[in-house]
Amino acid sequence: MGTDTARPRAVLAADPPTLVERLFPPEVLARLSDVVDLDPGEVITEVGSHAARRRLAGAEVLIAGWGAPRVPAELVPNLRAVVYAGGVARTCLADPAVLAGRGVTASNARAANAVPVAEYTLAMILLANKKAHAAERAYRERRAAPDADRLLAGTGNFRRTVGIVGASQVGRRVARLLQSFDLDVLVHSPELAPGPVPGLPGARSAALEEVAASSDVLSLHQPLTPETVGQIDARILGLLPDGATLVNTARGGVVDGDALLAELRTGRIDAVLDVTDPEPPPPDSELWTLPNVVLTPHVAGSTGTELRRIGESVVAEVERFVRGLPFEHPEELVAP
């Protein structure tokens with residue numbers, strides 16, 4: 001263990017402050033405190049008070065989580081690194097370009113958070129191909145065995161096709177998980193040339209239209225950008241085969257909500273929606289009542305014990321920084 005003078009001074013920022021306890025249980029916090037000078041009881045939730053500004057002024061490392069305030073560059077003159085317990089470190093910075101110009105480096109926990117999202121997605125894909133949710137509803141309503149010949153005809157996970165939109169960290173992890181099953185995997189992502197996908201044995205890249213038209217389950221993993229807003233529109237939804245399932249763990253805005261509702265009303269396709277736009281849906285939205293919709297409250301990402309994975313990732317990055325090593329999961333503070 002280094003001395004207090006040898007350790008960089010770090011500050012924590014999150015709102016609510018109790019997030020820190022969930023990210024860093026005692027043994028993980030001990031690792032963090034071993035390499036940085038930190039008061040875990042002082043969590044910054046705002047940047048207007050004298051106390052918050054005093055702590056920020058001396059900070060060399062900003063360790064931030066969800067809900068952290070956007071920190072202006074002028075308040076952190078000594079900052080050298082930002083380690084974010086979430087997907088995008090820039091979200092907790094008011095002037096990321098200014099800090100980048102000073103040589104401040106950044107890291108995020110996107111890779112750690114991708115693990116539970118991919119696990120949730122895998123589970124929903126397998127259940128969707130089994131029509132497990134429809135079977136559960138029918139079983140509960142009848143209180144007797146449903147008509148298997150009618151309800152379960154054509155179901156199963158043997159030689160079905162799963163389409164993945166977006167070769168993001170989550171999308172690629174889902175594709176790798178699917179390699180353990182007798183499923184065909186198609187991927188659409190703008191940076192991929194048609195054909196085999198590098199690093200994903202067995203997966204093939206194709207145009208969005210082909211992926212949609214071929215998929216028993218279409219799983220969304222693209223970022224929300226001006227190019228992807230409403231990308232899954234009436235035309236793409238209309239290409240899905242009868243009985244297909246749309247799984248969205250990306251962002252609600254990548255789907256044209258009106259077009260999706262129109263398809264769902266017909267009963268032709270199903271949907272598993274962990275994200276919507278808006279979120280949650282309005283109280284009178286049909287998404288709450290349509291029988292072919294599974295609606296979950298944005299739980300695919302890290303929850304409960306999974307937050308510790310993010311905390312351990314953050315601590316590992318801080319340890320690398322203190323040792324003078326580059327971050328394993330760096331983020332460019334100036335968006336490309």
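Which elements each supply at least two residues of the lining of the largest pocket? They are α5 (110–129) and α8 (169–178). Helices (H or I, at least four residues) and strands (E, at least two) are DSSP runs, numbered from the N terminus. The model is predicted: local features need pLDDT of at least 70, side-chain atom pairs count only at pLDDT 80 or more, and totals for chains, interfaces and linings use all residues. Residues are numbered from 1 along each chain as its sequence is written, and side-chain values use heavy atoms, with hydrogens and water left out.

**Pockets**

A pocket is an open set of points on a 1 Å grid over the protein atoms alone, with protein on both sides within 12 Å along at least five of seven lines; a cavity is a set where a 1.4 Å probe fits but cannot get out, and lining residues have an atom within 4 Å of a point. Grid points are joined across faces, edges and corners, and a volume is the space filled by probe spheres set on the points.

The largest pocket is lined by 38 residues, of which Gly87, Val88, Arg110, Asn113 and Arg251 are the closest to its centre. Its largest share, 4 residues, comes from α5.

In the second largest pocket, 13 residues form the lining, and Lys131, Ala134, Gly267, Asp270 and Asn292 are the closest to the centre. Two or more residues come from each of α6 and α11 (257–266).

**Cavities**

The structure holds 2 cavities of 30 Å³ or more. Among the 16 residues lining the largest cavity, Ala128, His133, Thr245, Asp270 and Val294 are the closest to its centre. The helix α6 gives the largest share of this lining, 4 residues.

The second largest cavity has a lining that includes Leu12, Val20, Phe24 and Ile63. Elements that give two or more residues to it are β1 (10–13), α1 (19–23) and β3 (61–64).

**Volumes and lining classes**

Ala, Val, Leu, Ile, Met, Phe, Trp, Tyr, Cys and Pro count as nonpolar, Asp, Glu, Lys and Arg as charged, and the others, Gly among them, as polar.

| Space | Volume | Lining residues by class |
|---|---|---|
| Largest pocket | about 1200 Å³ | 15 nonpolar, 17 polar, 6 charged |
| Second largest pocket | about 250 Å³ | 5 nonpolar, 3 polar, 5 charged |
| Largest cavity | about 110 Å³ | 10 nonpolar, 3 polar, 3 charged |
| Second largest cavity | about 40 Å³ | 9 nonpolar, 1 polar, no charged |
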